[in-house]
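Here is a walk through one chain and its ligand. Keep the structure in view as you read.

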Amino acid sequence: RLVLGIETSCDDTGAAILDENGKILGEALHSQKDVHLKTGGIIPVVAQKLHADHIDSVVNEALSASGLTPQALSAVATTVMPGLALSLGVGLSYSLKMVKQYSKPFIPIHHMEAHALTVRLLHQVEFPFLVLLVSGGHCILAVAKNVADFLVLGQSLDEAPGESLDKVARRLSLINNPDCSAMSGGQAIEHMAQFGNKELCNFRIPMSHHRDCNFSFSGLRNHINYVIQQKESEEGIQQGQILSCAADIAAASQHTVARQLAKRTQRAILFCKEKGLLPAANATLVVSGGVASNGYIRRILKNVSYSMDVSLLCPPPKLCTDNGVMIAWNGIERLRAGVGILYNAEEVRYEPRAPLGTDISDIVRKAD
Ligand code: ATP
Ligand code: FE
């Protein structure tokens, strides 16, 4: 069985062909990051045009690397939710044309399910496992009970950690630092943080007194912005110039984000153990999504998992951010499980907002 995976939900055009065992036969990725860094954020019509301009060459590059023709494929799997409407639309209409032309089954993919299952491409991790998804658009704690069967314990009530770090990086003008060129905001924060002292700014950890597994990042970001503004006036510099304490602010921001993730994850592990949602022995915590490529955040979560007696698994950084491989792998997982395979895909629509699974956050809150 061979699956072509196509990803266009945000700002990466990705494609890959995987076989039944998860062997990557061909892959290609076109990132729009440079363009969006210059405009200070993603402009949906720009993202749509860039996807439309590149999707054909990305898919053909992956196919020719695999040495396969479209006729050889068993199915096409494509992200149809959640994401930017205009971006999702490009991948979906391209895929629908392709499955029609070659009479192939279509497997619609939930982008966050793909982030959650990527780990199983490389590690033998059995269901159920706990997963923390941290990315540019989401922050979700869930129990993965099976392919396409998730219990959502908590999620961000406002923005996602990747979005906050991107905005802080922009506010700190890290894009003007040549050392950080071509890095995403989160990567730039991680890079700068190595040279900073996190103790020089003290940001409160959001939600720490809430008895649930939800997250919040926008208040923290406002606090960070306020401190940046104060430091700018103290140093007598304009917005756009780099503060002498930029590395300290980056380190403190990264630390506070990591601490919040750690606290909520610890709570989720306790809840799952109490309710028998995870195996009593050898339970696994998976951390995935773009922010999971952050080494500092991984180390903090490693300490949490060690102290709670669960093992931590993260996909390699390259597979944490968006790519076609994770979509093709999700297609393989669904083919194996026999779920969500469509032989007539004409009715499929994209969904910009879509829950990952059953929301049990109320039960988590009342459990205390
Ligand atoms: P979603 O998956 O929620 O739809 P997305 O697909 O845009 O959002 P991803 O590609 O999974 O997000 O991740 C991108 C995010 O990851 C960006 O916000 C980026 O700043 C962040 N990120 C990437 N590398 C790092 C890093 N080393 N440290 C922190 N954040 C990082
Ligand atoms: Fe993503």
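Two strands pair if DSSP finds at least two bridges between them. With that in hand, look at strand S11, where Thr358 is the bridge partner of Leu151. Two bridges join S8 to S11, and these strands run parallel. Everything here rests on a predicted model.

Now step back to the whole chain. Its secondary structure comes to 13 helices and 11 strands. The radius of gyration is 21 Å, close to the 21 Å that the globule rule gives for 368 residues, so the chain is as compact as a globular protein of that length. Along the principal axes, the C-alpha atoms fill a box of roughly 65 × 50 × 30 Å. Of the 368 residues, 52% count as buried. Take the contacts in the chain with a separation of 6 or more: residues 24 or more positions apart account for 76% of them.

Next come the sheets. Strands of a sheet pair through backbone hydrogen bonds, either parallel or antiparallel.

One sheet is open and has five strands, in the order S3-S2-S1-S4-S5. Its pairing is mixed. Which strands stand at the edges? They are strand S3 (24-31) and strand S5 (106-110). Each has a single partner strand, so one side of each is left without a neighbour in the sheet. Neighbouring strands of this sheet are turned by 20° against each other on average, direction ignored.

Strand S2 covers residues 12-19 and pairs with S3 in the antiparallel sense. Seven bridges hold this pairing. At one of the bridges, Thr13 has His30 in S3 as its partner.

A helix belongs in this picture too. Helix H12 (residues 324-337) lies across strand S1 (2-7), S2, S3, strand S4 (75-81) and S5. Helix H12 runs at about 135° to S1.

Turn to the other open sheet. Six strands make it up, in the order S10-S9-S6-S7-S8-S11. The pairing is mixed here as well. Strand S10 (311-313) and strand S11 (358-359) are the edge strands, and each pairs on one side only. Helix H10 (residues 295-307) packs on this sheet. H10 touches strand S9 (284-288) and S10, and its direction makes about 155° with that of S10.

S7 spans residues 139-146 and S8 spans residues 149-155. They run antiparallel, joined by six bridges. Ile140 stands opposite Gln155 in S8. Val143 has Leu151 in S8 as its bridge partner. Leu151 also has a bridge partner in S11, namely Thr358. Is S8 covered or open to the outside? S8 is mostly covered, with six of its seven residues buried. Between the two strands comes a turn of the chain. The hairpin of S7 and S8 has two residues between the strands.

That brings us to some backbone details. Most residues other than glycine have a negative phi, and most peptide bonds are trans.

Start with Ala148. This residue lies in the loop between S7 and S8. Is Ala148 exposed or partly exposed? Ala148 has 17 other C-beta atoms within 10 Å, so it is partly exposed.

Asp309 is the next. With 11 other C-beta atoms within 10 Å, Asp309 is exposed.

Where is Pro128 found? Pro128 is in the loop between helix H5 (119-122) and strand S6 (129-134).

Finally, find the ligand. How many residues surround ligand 1? There are 26, and the closest are Gly136, Gly137, Gly162, Gly186 and Gly290. Helix H4 (111-117), helix H6 (161-171) and helix H7 (185-193) are the elements that give two or more residues to this shell. By class, the shell has four nonpolar, 18 polar and four charged residues.

Terms used
Residues numbered from 1 in each chain as written. Chains lettered and ligands numbered in written order. Predicted model: local features only at pLDDT ≥ 70, side-chain atom pairs only at ≥ 80, totals over all residues. Near = placed C-beta within 6 Å. Helix = DSSP H or I, 4+ residues; strand = E, 2+ residues; numbered from the N terminus. Nonpolar A, V, L, I, M, F, W, Y, C, P; charged D, E, K, R; others polar. Contact = placed C-beta atoms within 7 Å. Axes fitted to C-alpha atoms, helices over the stretch in contact; angles between N-to-C directions. Buried ≥ 20, exposed ≤ 12 C-beta atoms within 10 Å, placed from the backbone. Rg over C-alpha atoms; globule rule 2.2 N^0.38 Å.
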